[in-house]
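Have a go at each task before you read its solution.

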Amino acid sequence: MEKYSAFSLLKNTLTGHKHWPKSWRNAELKSAYDVVIIGGGGHGLATAYNLAKNHGITNVAVLEKGWIGGGNTGRNTAVSRSNYFYPESTRFYEHSLKLYEQMNDELNYNVMFSQVGIINLALDRHEMDIFRRWSTSIQLQGVDSELLTPEQIAEEVSILNMGAKTRYKIHGGFIQRRGGVSRHDAVAWAYARAADNLGVDIIQNCEVTGFDIVDGGIRGVKTSLGKIRTDKVGMTVAGHSSVVAAMAGIDLPIISMCLQAMVSEPVKPCLNRIVMSPKVGCYLSQSDRGEMVIGGGADSYTSYGQRGNLPTTESVLGAVTELFPTLSRMKLMRQWGGIVDIAPDASPIVSKTPVTGFYISTGWGTGGYKAIPAGGDTLAYTIANDKPHPLVEPFSLDRFAKGRLVDEGAAAGVAH
Amino acid sequence: MLKINCPFCGPRTEDEFTCGGQSHIARPVTPAEVSDQQWADYLYQRINPKGVHYERWRHTFGCRQWFNVARDTVSHEIYAVYQMGEPKPSITEKGV
């Protein structure tokens with residue numbers, strides 16, 4: 001692999017950009033692998049990379065039904081943060097945020113992670129009370145979080161409606177300054193390139209159609225390109241988790257829903273933070289290209305249709321124009337939907353399963369993007385050692401029968 | 001936008017309704033006697049099909065009545081609307 005550097009950029013500029021090497025090989029599917037990862041999004045690619053790098057398992061295939069990073073990895077709003085409430089979640093997402101901070105160097109790829117800070121707005125007194133508790137909980141876990149007064153918020157975000165006649169007066173908020181946005185395609189490509197360089201085969205346009213299971217253990221994977229022998233399978237397929245797990249005879253406590261996002265036409269820089277309101281259900285940031293990147297809550301019913309329904313679009317945009325009246329006459333350029341896998345407690349499931357050699361990473365719901373590096377790290381550990389990584393012990397599949405839920409409905413709720 | 005034919009009020013737009021998730025879930029008759037796993041299955045396990053889904057809806061901003069809907073989770077097409085307590089209609093997997 002040619003290392004990307006100022007020198008390689010100069011060299012390739014002088015030769016007219018005609019000799020850049022391919023980022024990854026077009027690998028041929030082999031008949032047997034040590035580990036097969038299903039799903040070539042951020043989580044799957046990061047898992048393969050970590051298997052090769054940390055655990056020396058390089059005979060790995062990543063199977064992707066479409067193209068890599070073409071599912072939810074390319075459909076999110078690219079926010080990373082670790083301002084969760086419960087220690088189990090904060091520990092995990094803080095690990096992930098730290099990996100994002102090191103990602104450029106680790107993967108030799110510019111993922112354009114810029115830590116602009118994420119502000120949560122409190123729109124009534126009671127929400128502010130909860131935010132004090134939430135922010136203090138984050139601080140107690142050694143993670144950065146600051147409470148903000150309305151005056152401080154007005155200074156941070158100049159286009160917010162702070163007038164006296166607003167429908168929802170801003171009572172304050174809190175900020176995690178290390179929160180930020182990155183380029184989501186670059187994250188998928190960076191992991192793909194690094195994993196490929198360590199010997200991982202990335203197979204696109206390859207759909208899994210079933211499993212060979214003998215005596216309760218995985219023996220192989222059936223795909224649209226033929227059968228593969230393997231004893232270990234990692235599943236990282238987000239919204240289609242229930243469908244793929246059912247092929248292995250496993251029922252999951254997962255509901256698939258559509259989560260939409262949208263971007264406006266580009267304008268000059270006017271918003272330099274990520275701003276989120278759990279109460280009215282919207283959040284936005286401004287991309288490097290000047291577009292307002294807007295998101296909200298998931299649609300209200302089960303769906304595998306990657307579109308998004310109009311009432312939710314309307315409610316999210318209504319909330320945005322209420323908070324930012326100055327944006328009300330901007331045009332939307334694009335609106336899209338991704339299918340997210342939501343667990344009953346809005347926390348992930350990274351776990352072994354009743355089928356030996358079948359490991360799952362699901363339940364990322366509306367927040368899978370920020371979890372990519374830690375999700376890959378912990379699933380790779382779980383697969384390599386056949387026991388859960390300490391960070392994901394609380395997120396096992398059997399927590400539902402044990403009643404040990406990690407109820408993050410509030411912290412996971414709106415910003416993704 | 002879905003058009004849902006409320007059995008009590010007739011066709012109305014989706015934003016008058018609330019989806020209550022999977023229908024026909026039977027609560028164990030003797031909760032004290034089932035295992036933790038069976039109880040967890042009742043509370044949390046959902047079928048989440050890619051295709052026809054039988055689900056409960058409520059006409060929240062209308063008559064406030066609950067009823068059942070058979071809907072495709074990919075195309076969102078509504079195949080049938082039927083009363084609470086009625087058995088599932090059999091839907092052939094058209095368009096799935």
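The model is a predicted one, in which local features need pLDDT of at least 70 and side-chain atom pairs count only at pLDDT 80 or more, while totals for chains, interfaces and linings use all residues. Residues are numbered from 1 along each chain as its sequence is written, chains are lettered from A and ligands numbered from 1 in the order in which they are written, and side-chain values use heavy atoms, with hydrogens and water left out.

**Exercise 1. Describe the make-up of chain B.**

Step 1. Count the elements, using DSSP runs numbered from the N terminus: helices are H or I of at least four residues, strands E of at least two. Chain B has one helix and six strands, in the order β-β-β-α-β-β-β.

Step 2. Look at extent and burial. The C-alpha atoms fill a box of roughly 45 × 30 × 20 Å along the principal axes, and 39% of the 96 residues count as buried.

Step 3. Turn to contacts (heavy atoms within 4.5 Å). Of those in chain B between residues at least 6 apart in sequence, 45% join residues at least 24 apart.

Step 4. Pick out B:Pro31, in the loop between β3 (18–22) and α1 (36–44) of chain B. B:Pro31 is partly exposed, because its relative accessible area is 32%. Its C-alpha atom is 34 Å from that of B:Tyr79, 48 residues apart along the chain.

**Exercise 2. Characterise the second largest pocket and the largest cavity.**

Step 1. On a 1 Å grid over the protein atoms alone, a cavity is a set of points where a 1.4 Å probe fits but cannot get out; a pocket is an open set with protein on both sides within 12 Å along at least five of seven lines; lining residues have an atom within 4 Å of a point. Grid points are joined across faces, edges and corners, and volume is the space filled by probe spheres set on the points.

Step 2. The second largest pocket has a volume of about 700 Å³. Of its 29 lining residues, the closest to the centre are A:Ser182, A:Ser287, A:Asp288, A:Arg289 and A:Val293.

Step 3. The largest cavity holds about 40 Å³. Its lining consists of A:Leu160, A:Asn161, A:Thr166, A:Tyr168, A:Ile170, A:Glu322 and A:Leu323.

**Exercise 3. Is A:His43 buried or exposed, and what does A:His43 contact?**

Step 1. Locate A:His43 in helix α2 (residues 42–55) of chain A. A:His43 is buried, because its relative accessible area is 11%.

Step 2. Leaving aside neighbours within four places in sequence, the contacts of A:His43 include A:Thr236, A:Ser361, A:Trp364 and A:Ile372.

Terms used
Buried < 20%, exposed > 50% of the residue type's maximum accessible area, 1.4 Å probe, protein only.
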